[in-house]
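Hi everyone, thanks for coming.

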Amino acid sequence: MEHVYLFTGFPGFISNQLIMELLRRDEALNKIYLLVLPEQKVKAEAEIKSIENNWMEQK
């Protein structure tokens, strides 16, 4: 079974840490949805790129 997650409060510190932990541990991870306030969109996009880069380096 595939796992799907929804995070509110992105790009906050806790959601960033939880997402990184899910990427490390959950082999059944299929999708992650992020609820972002409009004024946080640019910061959220930068955080997503950072998470992607960190995850790719750890693989």
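Let me start with a word we will need: a residue is called buried when its relative accessible area is under 20%, exposed when it is over 50%, and partly exposed in between, using a 1.4 Å probe and protein chains only. Before we use it, please keep in mind that this is a predicted model, where local features need pLDDT of at least 70, side-chain atom pairs count only at pLDDT 80 or more, and totals for chains, interfaces and linings use all residues. Residues are numbered from 1 along each chain as its sequence is written, and side-chain values use heavy atoms, with hydrogens and water left out.

Now, is Asp26 buried or exposed? Asp26 counts as buried, because its relative accessibility is 14%. You can find Asp26 in the loop between α1 and β2 (29-34). Contact here means heavy atoms within 4.5 Å. Not counting residues up to four places away in sequence, Asp26 touches His3 and Tyr5. Glu57 sits 31 residues from Asp26 along the chain, and their C-alpha atoms are 17 Å apart.

Let's step back to the whole fold. The protein has two helices and two strands, and from the N terminus they come in the order β-α-β-α. The radius of gyration is 11 Å, close to the 10 Å from the globule rule for 59 residues, so the protein is as compact as a globular protein of that length. That radius is taken over C-alpha atoms, and the rule is 2.2 Å times the number of residues to the power 0.38. Helices (H or I, at least four residues) and strands (E, at least two) are DSSP runs, numbered from the N terminus.

How much of the protein is buried? Of its 59 residues, 19% count as buried. As for contacts with a separation of 6 or more, 71% of them are between residues 24 or more positions apart.

Next, the inside. A nonpolar core is a set of buried Ala, Val, Leu, Ile, Met, Phe, Trp, Tyr and Cys residues joined through side-chain atoms within 4.5 Å. The largest one here has seven residues: Phe7, Phe10, Ile19, Met20, Leu22, Ala44 and Ile51. Both α1 (13-25) and α2 (41-58) supply at least two residues of this core, and α1 gives the largest share, with three. In soluble globular proteins, nonpolar side chains tend to be buried together. Finally, look at Ile19: leaving aside neighbours within four places in sequence, Ile19 is in contact with Phe7, Phe10, Ile32, Leu34 and Ile51.
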